[in-house]
Amino acid sequence: MRFLIHYVAVRPWSYALLTLIVIAGSASSVGVQYAMKLLIDAMTGPHHTLAGVHLALAAFVALVVLENGFARLSAVVLALITVASGVRIRLDMFDYLIGHQLSFFQSQRSGALGHRVSALSASFATMIHRILLQILPPLITFVGALLIFVSIDWAMAAVLAVFFLAISLALIRLGARGDSHHQDFARTSGDGSGELIDILSNIWSVKAFAARQRESLRLRGFFRNEAKAQRRAWYFVEGIRALHDLALVLLVGGTLTWAVWRWSAGAISAGDVVVVSAMTFRMLNGSRDLAMALIETNQQASYLAETLSVIGVPQTLVDAPGAPPLRRGDGSIRLERVTFGYDPQAPVLHDVSITVPAGQKVGIVGPSGAGKSSILHLVQRLSDAQTGAVLVDGQRVDTVQQESLHKALAVVPQEVLLFHRSILENIRFARPDATDEAVHHAAQAARCARFIEQMPDGYDTLVGERGTNLSGGQRQRIGIARAFLKDARIVLLDEATAALDTGAELEVQQGLDALVADRTVLAVAHRLATVIAFDRILVIENGRVVEDGPPMTLLEKGGTFQRLWAMQVEGLDMSDVAPLG
C-alpha cells in the first residue's frame, strides 16, 4: 500500500480528478434508475400528464448520456495517468535495481529481474483500475440505492443493506484465503519467465551440447508448475463466483416477491417496483464486482509484494548522506590495513596496505583465489571493506559519491560486455557527449580502427547481443577504446588478456600499452609477461601481500614471483598452482 500511495501522491490532482469523474458517473447510473421510476410513474400514475412524461424522459436520456460520457472520460483519464505512472515506476525501479551490489545480480536471473520491473507497472495500473473503476462504483451505487430504498420502504432498505454487506464481507474473507494461491502463482510465473530467458541467453550452449530436447523438458517442468498454481488460483476464484451467484438468486427472488406484494397492497407504485428490481440487480452485481475486484486487487498486491521482496530489498552499498563528489587529482591509490570478504566470516584479504603513487604502474599477481580482483573491486567500491580504508586521490571511496568515483576510473575487464548497439554507440558509452571524431581517435589509439572500418557498416555495425558478432580480441579492443575515450587518470586492468589466444593477445597488448602511458595503473595479471615492464609488482597469496617491488628485483630475489615466473616459462598455468608456502 505504501508503494501504491507513493505513486498516487506523485500526481495527486490527476487522481483526484479521476476519482471525481468516477463518482459522477456512478451517481449518474443511480440517477438513471430513479429517472426510469419517475417516467413509469408519470405514465401510469392517476394524475399523469404529457409534460410530466416528457420531463421524466428528458431526465432519463440526459442521465444516460452523462453516465456513458463519464465512463468514457474516466477510461481516457485513467489510461493517461497510469501510463505516465508506469513509465516513472519502471525508471525508479531501474534506478533502485542498479544500486544493488554486483553480488545481488550474480544470484538473480537478469531476465526475471527485467520481467519483474515491467510487471510492477502493470500491477500498479491494474490495482488503480480495480480500485477506481470496480471497487468505488459499487460503493457509490450501494449508497445511492440505499437512499432510494429508504424513500420507498425503510424496512426493506435495512434488510437489503444487511444482506449486501454480509455477502460482500463473506466474499472478501473467502478471497483473502486465496492469497497463498496468488503468491504461489506469482512466484512460479517469475521462475518460468526467468528460466526461459536464461535458456535463450545461453542459446549457443544449448545448440553446442545438443540440449534442445532436455532444455525443452526442463522448461516444461517450470511451465507445468506455473499452470498448476494458476489453475488453483483460478478454481478458487470461480468457486467464490458460484457462491455469489447463489446469493444473487436468493436475494433478487426475495426482493421482487416483497416488492410485488407491497405493490399489490397499494403501498408502492409500479415505478417503485421497477426501481427496486433494477437497483437490486445493480447492488448484487455490484457486490460481486466489488468482491471480485477486491480479490483481484489482493492478487495484484501479492504479485507486487513478491516483486518488491526481490527488487526492493535494502541496498547494502549506498552513498553516505550528503556525500560530495570525488575531487579528481593526479590519480593516487591507497589501501590502509584493509580486511575484506564477500562473506565477512571468510575474509579474502587480510590487513592489506598498499600505496600506489600517481603515475605508477603496478601489477598484481598470484594464484587463483588469492584476492587479486578483490583489490580492484574495493578501489571501484563495488564492495566495502569490513575494516580499513580505501582512498583514491586522498579521499575515502566510501565517503564520496559512487558515480563520481566511477567516472574517475577506466576499467578493462577480462571479458568486455557490449550492448546490442552499434560499435560507435558502444565506444561512446564511456562518454556520451563525445563527438564522432573523438570516438574515431579512441578507436585508432586502441588499435581497432582498422577492423571496424572493414565491418559491413563500419562504426554503425551492430555488435549483437553481448557483442557476439565480434571475436574476443575485437571486443577487448573496443573495451580499450572505451577506456581511452573516458580519459581517466586511473586505469584498472582485470586480466584483460587472459582469455585471448596469443595472436589476439599481441594485438590487444598494443592497445593496452598505449592506454596505460602516463596513467596510474593497477593490473591484475594472469600472464606475468604482460606486467614484467611495470614499475612494480605485488604478489598476493592467501589474501596478503607477500612480495612488493620492481619485477627484475623480485626475479633476482628468488621468492614467490620468481617461482611463478619459472612455472609459466615451463608452460604451467598459474590457475592450477596451489598457494605456495
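In the predicted model, helix H2 (residues 12-44) and H3 cross at roughly 160°, and their axes come within 7 Å. H2 is therefore roughly antiparallel to H3, where angles under 35 degrees count as roughly parallel, over 145 as roughly antiparallel, 65 to 115 as roughly perpendicular and the rest as oblique. Axes are lines fitted to C-alpha atoms, for helices over the stretch in contact, with angles running from 0 to 180 degrees between N-to-C directions. Helices (H or I, at least four residues) and strands (E, at least two) are DSSP runs, numbered from the N terminus. The crossing of H2 past H3 is left-handed; this term applies if the near helix is turned anticlockwise from the far one by less than a right angle, and right-handed if clockwise. The residues of this contact comprise 25 nonpolar, nine polar and one charged, with Ala, Val, Leu, Ile, Met, Phe, Trp, Tyr, Cys and Pro counted as nonpolar, Asp, Glu, Lys and Arg as charged, and the others, Gly among them, as polar.

Helix H3 (residues 50-97) also packs with helix H1 (residues 2-10), at an angle of about 120° and with the axes 11 Å apart. H1 and H3 are therefore oblique to each other, and H1 passes H3 in a right-handed crossing. On the H1 side, Phe3, Tyr7 and Val10 meet Ser85, Arg88, Ile89, Asp92 and Met93 of H3, contact meaning heavy atoms within 4.5 Å. Five nonpolar residues, one polar residue and two charged residues make up this contact.

An open sheet is formed by four strands in the order S2-S1-S4-S5, with antiparallel pairing; two strands pair if DSSP finds at least two bridges between them. Strand S2 (349-356) and strand S5 (395-396) stand at the edges with a single partner strand each, so one side of each is left without a neighbour in the sheet. Strand S1 (residues 333-340) runs antiparallel to strand S4 (residues 387-392), the two being joined by five bridges; glutamate 336 has alanine 389 in S4 as its bridge partner. Helix H11 (residues 372-379) lies across S1, S2 and S4 and runs at about 115° to S1.

A further open sheet contains six strands in the order S6-S7-S8-S3-S9-S10, and its pairing is mixed. Its edge strands, S6 (409-412) and S10 (544-549), each pair on one side only. On average, neighbouring strands of this sheet are turned by 15° against each other, direction ignored. Four bridges pair S6 with strand S7 (residues 490-494) in the parallel sense, with leucine 409 partnered by isoleucine 490 in S7. Helix H19 (residues 560-569) packs on the sheet, touching strand S3 (361-365), strand S9 (536-541) and S10, and its direction makes about 90° with that of S9.

S9 and S10 run antiparallel and are joined by five bridges; glutamate 541 stands opposite arginine 544 in S10. The two strands form a hairpin with two residues between them, and asparagine 542 in the turn has a positive phi of about 55°.

The average pLDDT of the protein is 81, and 90% of the residues score at least 70; pLDDT is the predictor's confidence in each residue, from 0 to 100. Residues 572-581 have a pLDDT below 50, and this stretch has 23 contacts in the model beyond near neighbours in sequence.

Residues are numbered from 1 along each chain as its sequence is written, and side-chain values use heavy atoms, with hydrogens and water left out. As this is a predicted model, local features need pLDDT of at least 70 and side-chain atom pairs count only at pLDDT 80 or more, whereas totals for chains, interfaces and linings use all residues.
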